[in-house]
Amino acid sequence: MTISLQPTRGSRRGHQITPRRLRRGLFLGVMTVAAMVWIVPLVWMFSLALSSNTALQTTTTSLVPVAFTLENFVAVLQGGLTPRWLLNSVIVTGVTTLLTLLLSAMAGYAFARIPFTGKRIVYPLVLAGLMVPREAMIVPLFLMFAEADLHNTYQALILPRIAAPLGVFIMTQFMAAIPLETEEAARVDGANHWTIFWRIFLPMSVPALTALGIFTYILTWNDFLWPLVSATEREMFTITTGLASLQGNFAQATELGSLMARGVVASLPLLILFLIFQRQLVRGISIGSGNK
Amino acid sequence: MEKSRESWKRFLALGAAGAFILAGCAGAPAEEPEAGSSDDSSAEDTAAATEEVTISLARFFGDCDDTTEGVTDVSQATSECEVIQILTNAFNAEDNGITVEKLGGQAWGDYYTQLSTTFAGGDRPDVAVMHQHRLPDYVGRGLLTPVGELLAEKGVDYADFTAPALGAVTYEDEYYGVPFDIHGSLWHVNVDLFTEAGLVDANGVPVAATSAEELIEQCQAVQEATGKQFFAQDWFEFGVGARLFLGLVWQQGGELSDGQTATVDTPEGAEALRLMNELATECSNPEQGYTDSQAAFLAGDVAVLHNGTWVVDQYNREAPFTYMAMDIPSIYGGFGSWGDSHMWVMPLQENPDPARQDAALEFMAYLAENVGNWAIGTGHIAPRTSVIASEAYTSAPQRSNYAATADNARMVPTVAGWAGAWDALAEELNATWIADKAQSQALIDAEARMNEALAE
Amino acid sequence: MSVSVAEERSVEAGHSLSVGTRNLSGRHRSANRWAWLFLSPFLAVYVIFLLYPIGQGVFMGFFSWDLLAIDRREFVGWDNYVRMFWGENMTWDPGHLLAWRICGLSILLPVVVAWQRRRISGVTTTWLSLALVGIFGVAMGFHPAEGSRWLDSQFWLAFGNTIAFVLMSTPLIVGVGLGLALALNRAGRWVGLLRTLFFAPYVLSVAVLTLIWAFLLNPQLGLIGALTTWLGQEPISWLTSTSLAMPAIVVTTLWWTVGFNVVLFLAGLQDIDQSLYDAAATDGAGSLSRFWNITMPGLARTTLLVLVLQVIASFQIFGQVFIMTRGGPNGATRVSIQHIYEAGFRDFELGYASAMSVFLFLVMIAISALQFRFQRKAES
């Protein structure tokens with residue numbers, strides 16, 4: 001078997017490293033390294049979650065669980081309020097996501113497809129909302145809900161989050177990319193904006209909607225500071241604040257396994273969600289050309 | 001047109017659906033038990049003792065309801081969380097007509113953010129835990145109730161508290177809380193390593209250094225004899241270095257602040273910083289944070305760990321060597337050891353409810369009675385002289401070894417804005433041993449930044 | 001911003017776009033009605049829950065507004081802003097921070113070149129040049145005299161760190177995101193799993209993320225340190241090194257958030273007409289040529305989206321830094337949002353925190369506006 005590093009033309013004998021093979025090899029190599037970099041911390045997280053807290057006080061550099069135990073997971077899942085916290089998260093996040101998708105899609109359609117007076121002012125105004133540091137807004141928001149006596153409710157956790165400039169931005173950009181012919185064909189048939197939006201643009205925007213839906217779900221699920229200050233009663237905790245409340249002082253030093261187990265439990269639903277919906281992101285079918 | 005009317009209808013339908021969802025959600029939490037039963041208390045004028053009052057408790061220490069469900073025997077507790085939770089359970093189990101409901105707590109990092117926001121415009125808890133160094137910020141803004149006289153009426157004997165403990169809850173000559181503990185810096189010692197280096201006295205107790213030179217000599221002796229690291233502490237994560245610095249300055253008779261301005265750039269400060277840097281380079285590893293230093297100590301690789309009182313019981317249980325918790329040695333002649341205090345305070349309510357206030361005071365008095373259980377269960381120092389002298393306390397592991405700290409621990413100055421000043425100090429000090437910042441410059445910058453923080 | 005695809009074509013079709021309502025055709029008035037119909041749900045929530053708090057924040061910036069004490073709130077006008085920007089005994093030096101200023105001024109070169117090539121107009125060039133000279137030539141020369149201090153010693157430090165983070169992280173996270181999206185934009189079982197793998201970190205909360213990486217990076221307790229020791233080298237203490245802490249955080253953020261960009265790019269790749277690729281393939285175009293001539297232009301809109309969002313996200317970074325290094329060592333990783341948070345919640349100075357937020361906000365708007373402007377010119 002001869003291995004020649006020169007690209008040979010016409011030779012079909014043996015294994016030759018052609019530029020193509022080289023590129024492919026390089027590509028595989030890079031992807032393998034990248035996959036390793038991405039997966040090792042996750043594996044480690046699982047390993048720590050399955051290790052006993054006491055053992056972890058002395059050894060943490062093991063990809064394999066040290067003193068394997070399920071007690072960390074059991075403690076989280078058996079926790080009296082964990083199911084309630086999960087339910088709160090699911091409700092709050094679910095409703096927020098649905099409403100965000102709806103409102104953003106409608107607003108995106110308006111900005112992308114309807115010529116109207118004042119668009120040049122309103123659109124930048126909406127986008128500017130992206131740039132406001134959330135931490136800076138906590139107190140005014142808090143005072144607003146306090147006056148309405150709405151703390152420790154689902155509304156308080158949902159309402160501030162559905163005003164998502166991110167959603168409008170994403171939907172606008174994607175809807176603007178859909179060719180005009182699609183819309184004009186429908187107009188010829190006498191459809192009005194709502195029908196066009198509902199029957200044509202929404203279905204065509206599924207990848208964008210999926211992306212936005214996934215982001216909104218994750219961002220809302222992991223939101224910490226606002227639920228921290230607004231939902232102070234234990235029954236109203238989300239899974240994120242709830243699991244954080246289990247932490248004692250210096251938790252990293254004394255209960256590392258438990259911390260990781262809680263992290264896994266809180267993140268797993270999101271990962272499953274992504275697994276289910278990622279196909280909508282990559283359909284492999286062209287929609288830009290107007291195929292329905 | 002037909003179609004537009006149809007689409008209007010769809011619009012309305014969607015809008016209505018959205019509104020229903022939200023309204024439906026409003027239903028769910030309203031069924032939850034309210035944190036205050038003001039209806040109950042307003043309905044009665046007569047025997048308050050027979051009415052059920054629910055008060056809210058805000059605290060950190062974590063959440064361990066699962067392991068403490070139904071438990072009222074405090075001797076079964078194995079952590080800070082469990083002690084306080086079992087004490088709360090026991091109180092609730094008593095037939096006193098009061099139910100204490102714990103508000104969702106957070107680790108102390110987030111606790112004050114949460115607490116501050118409830119003060120800003122929400123339901124203030126009836127009883128809350130607080131660190132001494134945070135007290136001025138809240139008292140100074142008129143947010144806490146002076147409880148000295150009120151608690152005395154409930155039978156709390158303030159004279160029984162130690163001087164540091166009383167100092168912690170005092171602000172402008174009024175008591176604003178009931179002390180729960182003193183916690184402070186300790187020298188956690190691996191006695192075996194000291195023995196190997198020949199630095200123990202006739203009773204096997206490690207020799208305490210009495211000068212900076214002696215400390216370094218000890219360091220060299222131990223490191224040569226055992227090959228292990230002499231000293232460890234968290235050099236950058238939680239401001240532990242600044243606590244030692246503070247202690248060393250106090251030992252020399254210096255002060256960090258007179259309450260108005262900071263005085264860091266002083267001969268005492270310079271000497272303390274010099275010694276600490278010498279420790280860092282010769283005797284320790286300044287790249288170790290809280291977790292690493294503790295891990296190294298528990299693995300037997302460190303002779304002295306500078307940490308606090310809260311780990312005494314834990315180390316006593318887990319250290320695979322002969323372990324002793326000792327006072328910070330009096331290196332410069334005086335006694336100087338950083339201390340802080342957990343205390344229970346009563347926020348000032350915007351609409352005070354006498355029944356809830358009374359119930360809150362009852363609970364606080366109960367906690368004042370149980371400081372011994374807290375101290376024994378956690379390693380923190382009890383704030384009452386009667387407890388310190390008691391059999392139960394002195395026979396608890398290691399307590400007698402650091403008894404002096406109980407009397408002599410000093411709190412940081414009771415001055416508003418201290419949190420920012422302290423962070424600045426810690427950062428500047430850390431810079432000398434992990435970022436090679438010039439010590440003289442660090443002292444100047446620390447003082448300037450502290451003054452910046454204290455001025456506002 | 002190029003939202004006006006429909007707009008531009010309607011102009012071609014002869015609709016008038018004048019702002020006054022007098023000249024509007026019936027169809028245009030109807031379009032307005034429709035637009036507001038579609039927009040009103042969003043705008044309602046937006047005005048109440050975003051604009052109003054922002055407005056309050058801006059308002060508070062002119063006050064010394066204590067978080068808790070109602071009686072400690074007084075109007076101070078521009079004092080907060082002076083405190084942010086200014087110092088004692090300010091002087092001006094041509095040589096102060098010379099290296100950075102020369103770097104900044106050197107941006108004038110590509111600006112002038114772009115103008116020569118007619119990529120940007122004379123007006124834009126003038127404004128950009130004025131801004132560059134104003135910032136790097138003039139403004140950065142100010143500093144407190146020897147022995148004096150800035151009024152807020154941490155403000156410019158934090159801002160500088162924030163800019164550094166933006167510059168370091170944006171090209172990296174966008175570039176890697178694009179690369180991964182291109183690699184993963186195909187059907188296949190393995191590819192599906194890989195997609196999930198690269199996206200998985202994004203579902204973690206910041207608390208878990210920082211826990212994992214703080215431990216990973218720990219020289220004694222972490223895997224990276226263990227690997228280094230195994231290779232016979234001294235492990236590096238990343239988070240206690242003034243020069244390596246920020247890069248470490250950039251890598252952490254990359255691992256965490258690149259999935260976001262990958263997802264957006266994947267969605268964008270779907271919109272590119274497959275037949276264009278087929279045509280190019282039959283023409284014999286190589287993959288690189290296909291990339292530059294079909295993929296990149298097709299992704300233009302998505303790239304703008306990703307870039308703008310990435311810059312904004314990088315400006316607002318807070319969680320990871322706060323938890324992993326708390327701004328250390330020696331303030332090397334303190335970012336603006338941390339400074340704002342500490343001013344508001346630790347020091348109770350809500351007014352000052354609000355003023356700093358306003359400044360950060362304006363900077364982000366300026367940069368985003370530039371990005372949009374650039375994209376608009378590039379498209380036409």
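Which residue of strand 3 of chain B is the bridge partner of Leu57(B)? The first legend answers this. The model is predicted: local features need pLDDT of at least 70, side-chain atom pairs count only at pLDDT 80 or more, and totals for chains, interfaces and linings use all residues. Residues are numbered from 1 along each chain as its sequence is written, while chains are lettered from A and ligands numbered from 1 in the order in which they are written.

**View 1. Strand 3 of chain B pairs with strand 1 and with strand 10.**
Val127(B) is the bridge partner of Leu57(B). Strand 1 (residues 53-58) of chain B runs parallel to strand 3 of chain B, joined by two bridges. Strand 10 (residues 338-345) of chain B runs antiparallel to strand 3, with four bridges. Here Val129(B) stands opposite Trp344(B). Two strands pair if DSSP finds at least two bridges between them. Strand 3 covers residues 127-131, and four of its five residues are buried. Buried means that 20 or more other C-beta atoms, placed from the backbone, lie within 10 Å of the residue's own. In a regular strand the side chains alternate between the two faces of the sheet.

**View 2. Phe363(B) sits in the largest nonpolar core.**
Phe363(B) touches Ile55(B), Phe91(B), Ile98(B), Val100(B) and Val127(B), not counting residues up to four places away in sequence. Contact means C-beta atoms, placed from the backbone, within 7 Å. The core has 315 residues. Those with the most contacts inside it include Val178(B), Phe245(B) and Val262(C). Helix 11 (residues 245-270) of chain C gives the largest share, 16 residues. A nonpolar core is a set of buried Ala, Val, Leu, Ile, Met, Phe, Trp, Tyr and Cys residues joined through C-beta atoms within 7 Å.

**View 3. Domain 1 of chain B meets domain 2 of chain B.**
Domain 1 spans 48-183 + 341-408, and domain 2 spans 185-339 + 414-455. These bounds come from an automatic or database domain assignment. The C-alpha centres of the two domains of chain B lie 29 Å apart. The contact takes 23 residues from domain 1 and 20 residues from domain 2. On the domain 1 side, helix 6 (135-139), strand 6 (177-190) and helix 19 (403-408) of chain B each give two or more residues. That side has nine nonpolar, eleven polar and three charged residues. Across chain B there are 21 helices and eleven strands. Helices (H or I, at least four residues) and strands (E, at least two) are DSSP runs, numbered from the N terminus.

**View 4. Chain C touches chain A.**
The contact joins 82 residues of chain C with 79 residues of chain A. Helix 2 (residues 26-60) of chain C gives the largest share of the chain C side, 16 residues. By class, this side has 58 nonpolar, 18 polar and six charged residues. Ala, Val, Leu, Ile, Met, Phe, Trp, Tyr, Cys and Pro count as nonpolar, Asp, Glu, Lys and Arg as charged, and the others, Gly among them, as polar.

The average pLDDT of chain A is 82, and 89% of the residues score at least 70. pLDDT is the predictor's confidence in each residue, from 0 to 100. Over residues 1-8 of chain A, pLDDT is below 50. It stays under 50 over residues 284-292 of chain A too. Where pLDDT is low, the predicted coordinates should not be read in detail.

Key
Contact = placed C-beta atoms within 7 Å. Buried ≥ 20, exposed ≤ 12 C-beta atoms within 10 Å, placed from the backbone.
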